[in-house]
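The entries follow the order in which I looked things up.

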Amino acid sequence: FPGLHLLALGLAKWIAPRAPADFIEQTRGVAGFTIMAHPLLPNYEMPDEVRAGIDAIEVWNASYNTRYLPDPRAIRLLHRINATRPEVVATAGLDQHDARNDRGTRVFLDQETADPLAELRAGRFTNRGATCSFDAHARFSPLAMAGLWGARTGLDLVNLLHERVMRIVKG
């Protein structure tokens, strides 16, 4: 699955997976929380073993999507998985590898705790960005989802236009 990125938080030991199935097998029991990051890259697809083994899907990646809104296609993927695995939660992320690209999305735990990964697994957190916030299950009303789809479509078109203009300018 080209573009599939999997994250393991709170590892108790080093793992060396060679394939997505290895990741799921090797993190079972030794990772506090596992996430499928930026599902846009593998075109919202994943192997069955990943679907069966992850704890979360990153539905708002401020670097790969936009800093302004979550990704409705990733939310739709989460909701499809929730049909059989309601414990899988939605996270926001920055893809922040250093301090230069803070785009403002955050995950806020509902309460201070000695075990933040347990709070994540339990879905006791809120995803927040500059323009919206949502719970761990990305529950939006049908009207809000329609608005999100429309706004994201508009932002995506603006981004596409910007890229084309920049290619022309750079010549």
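Predicted model: local features only at pLDDT ≥ 70, side-chain atom pairs only at ≥ 80, totals over all residues.

Entry 1, conventions. I call a residue buried under 20% relative accessible area, exposed over 50% and partly exposed in between, with a 1.4 Å probe and protein chains only. Residues are numbered from 1 along each chain as its sequence is written, and side-chain values use heavy atoms, with hydrogens and water left out.

I looked up Tyr44 and found a phi near 60 degrees, a positive value in a residue other than glycine. Most residues other than glycine have a negative phi. Tyr44 counts as buried because its relative accessibility is 9%. Asn43 also has a phi near 60 degrees, but Asn43 counts as exposed because its relative accessibility is 56%. Asn43 is found in the loop between E2 and helix H2 (48–53), and Tyr44 has its place in the loop between E2 and H2. Helices (H or I, at least four residues) and strands (E, at least two) are DSSP runs, numbered from the N terminus.

I searched on a 1 Å grid over the protein atoms alone; a pocket is an open set of points where a 1.4 Å probe fits, with protein on both sides within 12 Å along at least five of seven lines, and lining residues have an atom within 4 Å of a point. Grid points are joined across faces, edges and corners, and a volume is the space filled by probe spheres set on the points. The largest pocket holds about 270 Å³ of space. Which elements each supply at least two residues of its lining? I noted strand E1 (5–9), strand E2 (33–37), strand E4 (89–93), strand E5 (106–109) and helix H4 (116–122). E4 gives the largest share, 3 residues. The lining divides into 9 nonpolar, 2 polar and 1 charged residues, where Ala, Val, Leu, Ile, Met, Phe, Trp, Tyr, Cys and Pro count as nonpolar, Asp, Glu, Lys and Arg as charged, and the others, Gly among them, as polar. Glu58 and Gly93 are among the lining residues.

The second largest pocket holds about 160 Å³. I listed Asp156, Leu157, Asn159, Leu160 and Glu163 as its lining.

Rings of Phe, Tyr and Trp (its six-membered ring) pair if their centres lie within 6.5 Å; planes under 30 degrees apart count as stacked, over 60 as edge-to-face and the rest as tilted. I found 2 aromatic pairs. Trp60 and Phe134 are stacked, at 6.0 Å centre to centre and 25 degrees between the planes. This pair links strand E3 (residues 56–61) with strand E7 (residues 133–135), 74 residues apart. Phe134 and Phe140 form a tilted pair, at 5.4 Å and 45 degrees. Trp60, Phe134 and Phe140 form one aromatic cluster. Phe134 is buried, with a relative accessible area of 4%, whereas Phe140 is partly exposed at 23%.

The criterion is NZ of Lys or CZ of Arg within 6 Å of the ring centre and within 35 degrees of the ring normal. Arg128 lies over the face of Phe108, at 4.6 Å from the ring centre.
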